[in-house]
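Here's a quick tour of some backbone features worth a look. Load the model and follow along.

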Amino acid sequence: MKYIFYVFFAMLTLSCGAVAQEDFQTHTVQEKETLTSIAKDYGITVADIKRLNPSVGNNLPRYSQLVLPARAKKAEQNTEKFETHKVRRKETLFSISQEYDVSIEDIKRYNKELYSEGLKKGQKIRIPIFDKTKPVIVESKPVITSIGGVTSTLETLTSHTVQPQETRYGIARMYGITLEQLESINPHIGDEGLALGEILNVPAETIMSSAIPEEGFMFYKVLPKEGFYRLKVKTGLTEEEIVDLNPYAKDGLKEGMILKLPTTASAEVSGQARTADLEKMISNKDAKKVAVLLPFRLNKVEGDSDEAKEDIVTKDGIMRLALDFYSGVLMATEFAKDKGFSVQLDVFDTEFSDSKVANIISSRDFESYDAVIGPLRQKNVEKAAALLKNGKVPVFSPLSNRDIKISKNVFQTLPSEDMMEEEMIQYIEERVGDRNLIIISDSKRAAQKGKLLAKFPNAKTASPRKEGFLYVQDIQKQINANKENWVILESADPIIVSNVVGVLNGMPMDYKLRLFTLDKNDAYEYSDVSNMNLAKLKFTFPSVNKSYDYNDKTPFLVSYKNKYGVLPNRYAVRGFDVTYDVLLRLASADDVYEATENDFQTEYVENKFRYSKKFLSGYVNNAVYIIKYKDNLQFEVLK
């Protein structure tokens, strides 16, 4: 239904722009089509499609409608004949596509089983033989492209076949052209990346020997009006240092130029948010007034003996969690005092009840608070935010990452599950190269499997049998013994997780295997899932937090142990990190909203925060960790 709205919205936008209806056409999305494949079929760019369909995502539902320019003409490929190919030992789709000069997608299109299964020795597949000419263009007529107002001439073009790990940035730099020039002579490429074996038009001469950056370096696209001075501010590199790495920049920088820079350049250049130290940005030392709403459930222990109270606290997980979180809150207020500003902390017991939350807020003047931290429960957060939204008092949801009905004054401090999935997919996409990708998923994680296949259409897949588990051969037939194999496991069933982890660890020692997931859920805590086995597979997953090192002597850990006699658990650390971040934001600006206007992230003991405002809604935290198990069973933060 929402895609009908997208089309209506696009049509409405176009009509408001006084553009004639006949200048557009529609396309009905078919099974397995992507933005890239549709753009390629019509000879347009992904940007053209997104411009006319502003709300469309990369995962296109079948039979949804897209608005396309009238100039887009669907290319006709004439298949003269097919050849039958018998798969030989160690052959891959890539090697076969190279042998017959066709794309991997063309082979899969005429052999549908290859979308879900890998090649088998002796298997017979159909290879389409197209009536086409290779896009090698050698002509005396120059190709003119206008980039950022500067007209450039590319005299002679030839072809370039995309190799493993190559990107548009690297190829543009290899041939000494801007990214826009590369896209202008290859209108079919878009935002979703290049396919292995894809053929591109490029200048006849190269200025660099490789399109892949050496270890320790990255590619960077020069922005409009960006000169050496601005890059020095961003990276700390002088003009001489930049030119030394990029000799063709000696005559000056141009918009769209691709530079090689060290990965140690600032986060602002590498595409990550700037990390801000708010302790060094304190400018507002007025006393802060903060309300904390937590489910202490004191009504359950009123009148009981100390022994009975201790027994209740021991057995009541919610009460214990609230007390741990509150211990971290108190430490944050003490740290704030050390920084020169005081905090009036008013604490309320919600009793884990939305009616109690309503009673607390309605019976007091909450408009005078600078911030409200809590409640914990999603339903209670929504109630508090709704009651306070007119006064714009910010409400921080400390422990729920479910989809909250976010009012404009809500700050969701935990990244959402969708955000974590997207970050993990992006991490894999940036690094997978030509590795063999295998997706293992059960039926309950079909949505995640769909996301992965939309991003990695060439991935192999495996699913549990009707008995609820996989045999060794189910996984082994998808493994490529000559490549590194990245396995993405999507299941919340402890039996399946235990089964797959065990099977992977039982594979031959010379197999190169690494395990990923989009969601490290409770199934991975199952007794039959060995942490040692996960470490052997370099298990990698997204997380809302990292784990501190017990040997660290940070001010918080030392202060907490001195005060309470024990090291803090993750809820106590969470209480400190959330509260201290809120207090420092209040101390670095007039209010929390002003302190969140710029794109930066903050990081404390185990948590980081990078808030962005959702359209017509509140604020969400986009800061996600990517964590890997190390051989010593410790965690390594990869991102």
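## Helix 11

After helix 11 comes Gly 340, with a positive phi near 100°.

Helices (H or I, at least four residues) and strands (E, at least two) are DSSP runs numbered from the N terminus. This is a predicted model, where local features need pLDDT of at least 70, side-chain atom pairs count only at pLDDT 80 or more, and totals for chains, interfaces and linings use all residues. Residues are numbered from 1 along each chain as its sequence is written, and side-chain values use heavy atoms, leaving out hydrogens and water.

Seven strands make an open sheet with mixed pairing, in the order 13-12-14-15-16-25-24; a pair needs at least two DSSP bridges. Strand 13 (343–349) and strand 24 (611–613) are the edges, each pairing on one side only.

Inside that order, strands 14 (371–373) and 15 (395–397) pair parallel over two bridges, and Ile 373 stands opposite Phe 396.

Most residues other than glycine have a negative phi, and most peptide bonds are trans. The Gly 374 to Pro 375 bond is cis, omega near 0°, and Pro 375 sits in the loop between strand 14 and helix 13 (378–388).

Lys 538 has a positive phi near 50°, in the loop between helix 18 (531–536) and strand 21 (540–543). Leu 633 also has a positive phi, about 70°, and lies in the loop between strand 26 (625–629) and strand 27 (635–637).
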